[in-house]
Amino acid sequence: MVRQRATNVLTSNVAGPPVPVYLLGARVLDILPILDLSANLGLVLSAFSYAGRILLVVTADAAGFPDLEALMGGMERDWQALSGGDG
């Protein structure tokens, strides 16, 4: 099987609806941008805006990205700094 070799990380950002959407009369609280790992991707970073919020999802291959905790810790620290420390 031929596998792509040019990349091992995928980053995606999608602008979602700026206002809440409803499904069968119930407000959708969150929409998570979950992308799967394919070929030799070891890490996928996804961002999705929805109703004035931004949701970030990280999908990683534990064997291919063993320092995931360091990445997540750095992302958390940076987000706190960017948001003024309130989450």
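This is a predicted model: local features need pLDDT of at least 70, side-chain atom pairs count only at pLDDT 80 or more; totals for chains, interfaces and linings use all residues.
First, the ground rules. Residues are numbered from 1 along each chain as its sequence is written. Local features need pLDDT of at least 70, side-chain atom pairs need 80 or more, totals for chains, interfaces and linings use all residues, and side-chain values use heavy atoms, without hydrogens or water.

Now the fold. The protein chain has 1 helix and 5 strands. These are DSSP runs, numbered from the N terminus: H or I over at least four residues for helices, E over at least two for strands. Along the sequence, the pattern reads β-β-β-β-β-α.

How much of the chain is buried? Of its 87 residues, 18% are. Buried means under 20% relative accessible area, exposed over 50%, and partly exposed in between, with a 1.4 Å probe and protein chains only.

Take I54. It sits in strand β5. I54 is partly exposed, because its relative accessibility is 44%.

Next, the pocket. A pocket is an open set of points on a 1 Å grid over the protein atoms alone, where a 1.4 Å probe fits, with protein on both sides within 12 Å along at least five of seven lines; lining residues have an atom within 4 Å of a point. The largest pocket has a volume of about 330 Å³, counted as the space filled by probe spheres set on the points. Of its 15 lining residues, L56, M72, M75, E76 and W79 are closest to the centre. Which element gives the largest share of the lining? That is α1, with 5 residues.
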